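Here is a short briefing on one chain. Look over the sequence and the structure first, then read the points below.

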Amino acid sequence: MEHTSWLHVGLVYLAAAVIAVPLARLLGLGSIIGYLGAGIVIGPWGLKLVTDPADMLHFAEFGVVLMLFLVGLELEPRRLWAMRRPIFGWGNAQLLGSALLILAVGVACGLPWRLALVAGLGLAMSSTAIGLGALNERNLMATTSGQGVLSVALMQDIAAIPILALIPLLDGEAGSPHGGSGWVGAAKAVAVIAAIVLGGRLLLRPALRWIARSRTPEIFTAASLLLVIATAALMQAVGLSMALGAFLAGVLLAESEYRRELETDLEPFKGLLLGLFFIAVGMSIDFAVVLQKPLLVAAVVGVFLALKALVLWTMARTMPIPYQERPVFIILLAQGGEFGFVVFQSAAQAGVIDAQTSSLLVAAVALSMLLTPLLLVLADRWWIPRLADCGPVPQLDEISEQQHAPVIIAGFGRYGQIIGRLLFANGLQATVLEHDAEQVEAVRRFGWQVFYGDATRLDLLRTAGAERARVLVIAIDDMDQSVAVARLAREHFPQLQIVARARNVRHYYLLRDLGVTLVERETFDSALMSGRAVLESMGWQPHAARQQALRFRRHNLEQLEQMAPHLHDEAKLIAMAKQGREQLEALWAQERAEVQRRSARGGWSTPAAERADDPPI
Amino acid sequence: MADILILSAHPELAQSHVHRALIGAFRHAALPRAELRDLYALYPDYLIDTAAERAALAEARLIVWQHPIHWYSMPPLMKLWVDEVLGFGWAYGPEGTALRGKDLWLVTSTGGTEASYRPDGHNRYFFDAFLPPYEQTAALCGLRFLPPLVLHGAHRATPAELEAHAQTFVERLGQYPQWPELATLDECVACETPAEERPTA
């Protein structure tokens, strides 16, 4: 019996997903709607194939946890630290602004303040799963709006803890908050976060190294899952957000050498569980409540979406977020979220609101989550095209057809364009990838065929033809991304000759470390040309100036190679740089003296070997 | 190690039949005693590493200049090599004895046919008339100038002729210094340069 039910559930879920998602995509609606629709169809209000959506929702929440772990993996501690202002500033603005506005409108409509406050707090939350999922689907994670959505979502996860602790207190008498009461609970929470941070820093990497050494791929996968589950369990034990814990663990591993492997191992689990989560959300929409009071539910949904949108619109204007990205930003954060479910459930349990109201609010949140992907589709068709007049349109299709050119150029800004033009003028074919939509638009106006796509993504590199190309030009200006592409290419396409642009010496060494030999520092040669112009202006013969610039270039490159082994020893590097400079200065001073002495004695013109180096006398 | 040093200089090697054949045959033969330095590949920016060139020369007994004749002379990078590497005080002049006693062999080709290098041809002089600058450069450095290996009418040479020419080149390299004509050549006596003709070091 057990087995049959297990098989039955698997059969229903997987079949629903496999049928509904491609169908939804075919209709241009995106995969999230497909999952939600599948949930409604198989749920208690559809075909009744599954009857316990709450259990499934609970299980599938792990998809959200995995997603935040993966988001954390993309975010090094340094970058997270740089985001602290948006997270606490914009996150709080959204949360408090929305909650207060809803509270005010609720009280104005004559609701008791407790109910209005709970509704405000619960409805102010937005669905991380749909928000980040939609951003990923549209490849908008790296845009201003994407970072805005992430910041707000993180703040909501943090804020969920005090909110959940606060709700039982609203009953009038002191209830018991989640993980133990008062100081003990707080101390436990702090201890767990400290344990995760310290453990992540000190223990995880050696542990992963030890596991990786066993060379059993499935054990590494198991370890990846165990890591996330253990973190989540630890957080839950003290009443903290599981997703937040997983996010922290991800951030701590963002700089480790196993980042890519963890990502590829967990990606399919995340995708499926997230799909399951959306299905469960679809199933849990209580159509009984909706049908009972359809107008009231519609009014609640309409009003809270409008109020949140107002707050978000103001935020988008002040941040500011580019015009074309505002619709997505507003729609993704205006919706209710899965945390709302938890808030309303615990409020009902604590007796702050009655069960009837709770399920009405839950239905409103679920409906708003269902509406969100639909609103996005509508915005794509009607809203965003109208914004085209306000500037270039960033919505572009990314590269999808297999390319076969022998050269791939990643990054078509100031640097990549020069390389591309040289190649095209020589009759070579090159596939150009550029991840900045505005840049793509701009260069397309000049008639270049440029694909929109992020070269740090393995699948896009494959589509661009990296498996068979001979040369990959990395002309991306972002150092982290450039190194990521180089690493990816070295790992997966060893036949590719990499030609890379380095922003500075550190970047140069990072690329050399990965075995990239053809690296040029972007400002080095132009600075030398300027130096050469100064020598000429000071009276050097043009050819002598050229010769000195080129000799300096060679000297500098040799020195760079000599210094490479001492990369991590700053004192040694400085000493070597100084010594090299002194040697060059001494050598050239000696040459000048020699020439001067000879020219003073007259006779033959100076011999060829030194001639080119003469300063004018 | 290498006692034969071939300095190869062709600005457009991809277009050359003769010199690609020569280099191809040389690489195929894999002579252990010989090293080939492709100057245009080593110094595409015309920035010659004088120290490295002199180090390579130091070990050689036979120096080969392998290049096409362009405008009755050597290609520009080869000439720059002569200007910069064969320095005063190193290759000639006081203490300029680094090359003394070595052999220099010119392996070259001309676009014009042998018949064109005659008083009645359009090049108006026998080919030998263009060689004195080479001979004197060698003499000033104390190098013995060996009889050049020349292929005329390079554009018209058949594949068979090219192959035969390349074969001769490689065979002679392999046999060096057992060349019959070497016995009849005088040792080169380095020409001294009078002190007042040179800046003193």
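What percentage of the 617 residues in chain A is buried? Buried residues make up 41% of chain A. The model is predicted.

**Confidence**
- Chain A has a mean pLDDT of 82. In chain A, 93% of the residues reach 70 or more.
- Residues 173–180 of chain A have pLDDT below 50. In the model, this stretch has 20 contacts beyond near neighbours in sequence.
- Residues 604–617 of chain A also stay under 50 in pLDDT. For them the model has 35 contacts beyond four places in sequence.
- Where pLDDT is low, the predicted coordinates should not be read in detail.

**Overall make-up**
- Chain A contains 26 helices and 6 strands.
- Of the chain A contacts with a separation of 6 or more, 70% join residues 24 or more positions apart.

**The sheet**
- In chain A, 6 strands form an open sheet with parallel pairing, in the order E3-E2-E1-E4-E5-E6.
- Strands E3 (451–452) and E6 (518–521) of chain A stand at the edges. Each has a single partner strand, so one side of each is left without a neighbour in the sheet.
- Strand E1 (residues 407–410) of chain A pairs with strand E4 (residues 471–474) of chain A in the parallel sense, over 4 bridges.
- A:Ile408 has A:Leu472 in E4(A) as its bridge partner.

**Helix H23**
- Helix H23 of chain A covers residues 524–537, which is 14 residues. From first C-alpha to last, H23 reaches 20 Å, close to the 20 Å expected at 1.5 Å a residue.
- A:Gly539 follows H23(A) and has a positive phi, near 105°.

Notes
Residues numbered from 1 in each chain as written. Chains lettered and ligands numbered in written order. Predicted model: local features only at pLDDT ≥ 70, side-chain atom pairs only at ≥ 80, totals over all residues. pLDDT = per-residue confidence, 0-100. Contact = placed C-beta atoms within 7 Å. Pairing = 2+ DSSP bridges. Helix = DSSP H or I, 4+ residues; strand = E, 2+ residues; numbered from the N terminus. Expected span 1.5 Å × (residues − 1). Buried ≥ 20, exposed ≤ 12 C-beta atoms within 10 Å, placed from the backbone.
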